[in-house]
Amino acid sequence: MEETERLAQLILESKRIIVFTGAGVSTESGIPDFRSPGGIWSRYDPEDFTIQRFLSSRETRRTHWKMYAETGIFTKAEPNPAHYATASLHHWGKLDCVITQNIDNLHQKAGVPDDRVLELHGNMQWVVCTGCRGRTPLPEVLQRVTDGAEAPDCPDCRGILKPDVVFFGEMLPEDTLARAVSRSQMCDLFIVIGSTLMVYPAAYMPTYALSGGAKLAIVNLTPTPLDHEAEVVIRGKAGEMMPAVMERVKLGRSSDFR
Ligand code: APR
């Protein structure tokens with residue numbers, strides 16, 4: 001049975017599906033991933049994305065805000081067919097939740113309700129003050145950058161503003177992580193889309209799912225350390241492969257209703 005058919009079969013047989021995504025699910029929306037050739041870590045220094053460097057260096061903050069304002073990748077990007085395919089699992093009542101390492105809000109934009117998206121690394125749509133913890137929508141802060149503020153600070157307490165995302169050296173949001181672990185252990189199918197599965201603790205989630213008896217499926221352009229544990233591995237572009245899988249699920253569902 002070819003791989004897309006096999007994944008469609010697993011989806012038809014499952015009731016509590018978790019879709020786990022990494023940057024690879026958003027590359028077809030124009031957001032570069034981190035470790036592919038030409039990815040973010042080949043263009044920017046990961047050290048500049050540590051919380052220590054961000055808080056201690058005004059120059060680093062200036063570089064960050066300039067990049068966010070000039071690229072607009074977090075305000076202009078739109079969901080691609082892989083995000084919509086994932087949302088269709090929710091519409092069919094088969095999605096337990098999405099666990100994502102991404103900060104781009106595209107799963108929500110594609111129709112997955114906020115309370116079904118566990119964002120392990122935060123969400124770029126908000127900016128938080130490291131002083132008073134006040135939150136501001138990203139576009140408002142980017143407008144200040146466009147108007148000339150190089151490293152905008154908090155208008156209330158003059159504290160350092162930072163995107164509401166997890167920088168290297170920061171803890172992941174505790175409650176979100178705990179929910180991701182417990183849901184991973186209870187799902188019956190765990191579908192990884194677009195991740196190297198190299199960054200922890202996020203990359204523990206598929207292992208928790210396997211230990212809970214779930215089946216594992218991986219949709220990724222390149223090999224991952226868990227391919228050998230997967231029932232099915234689809235080596236292809238998520239924006240093409242996932243709609244093909246969902247077409248087969250729709251056929252399976254309609255025949256179920258015969
Ligand atoms: N379809 C399928 N797979 C894709 C596609 C695509 N269109 N584009 C890229 N990929 C694959 C790449 O081959 C790679 O294996 O997606 C994976 C992306 O891996 P990474 O760039 O390592 O991204 P991710 O796994 O999300 O990184 C995890 O690392 O730097 C930190 O915080 C950052 O959340 C990020 C974490």
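Guide: Domain 1 (2–31 + 79–121 + 172–253) and domain 2 (40–75 + 126–165) each contribute residues to the lining of the second largest pocket, so this pocket lies between them. The domain bounds come from an automatic or database domain assignment. This is a predicted model, in which local features need pLDDT of at least 70 and side-chain atom pairs count only at pLDDT 80 or more, while totals for chains, interfaces and linings use all residues. Residues are numbered from 1 along each chain as its sequence is written, and side-chain values use heavy atoms, with hydrogens and water left out.

Visitor: What makes a set of points a pocket, and what makes a residue part of its lining?

Guide: On a 1 Å grid over the protein atoms alone, a pocket is an open set of points with protein on both sides within 12 Å along at least five of seven lines, whereas a cavity is a set where a 1.4 Å probe fits but cannot get out; lining residues have an atom within 4 Å of a point. The second largest pocket has a volume of about 380 Å³. Its lining has 20 residues, of which E119, G122, N123, D164 and P173 are the closest to the centre.

Visitor: How many residues of that lining are nonpolar, polar and charged?

Guide: The lining of the second largest pocket divides into 7 nonpolar, 3 polar and 10 charged residues. Asp, Glu, Lys and Arg count as charged.

Visitor: Why is the contact of E2 with R248 called a salt bridge?

Guide: A salt bridge is a side-chain nitrogen of Lys or Arg within 4 Å of a carboxyl oxygen of Asp or Glu. The closest N and O atoms of E2 and R248 are 3.1 Å apart, so the pair meets the definition. The two residues are 246 residues apart and link distant parts of the chain. E2, E5 and R248 are linked in a network of salt bridges. By this rule the count comes to 15 salt bridges.

Visitor: Why is E70 called exposed, and why is K66 called partly exposed?

Guide: Buried means under 20% relative accessible area, exposed over 50%, and partly exposed in between, with a 1.4 Å probe and protein chains only. E70 has 56% and is therefore exposed, whereas K66, at 40%, is partly exposed. E70 and K66 also form a salt bridge, their closest N and O atoms being 3.3 Å apart.

Visitor: What separates E70 from K66 along helix 3?

Guide: E70 and K66 are 4 residues apart in helix 3 (residues 58–71), so about one helical turn separates them. Helices are DSSP runs (H or I, at least four residues), numbered from the N terminus.

Notes: Points joined across faces, edges and corners; volume = space filled by probe spheres on them.
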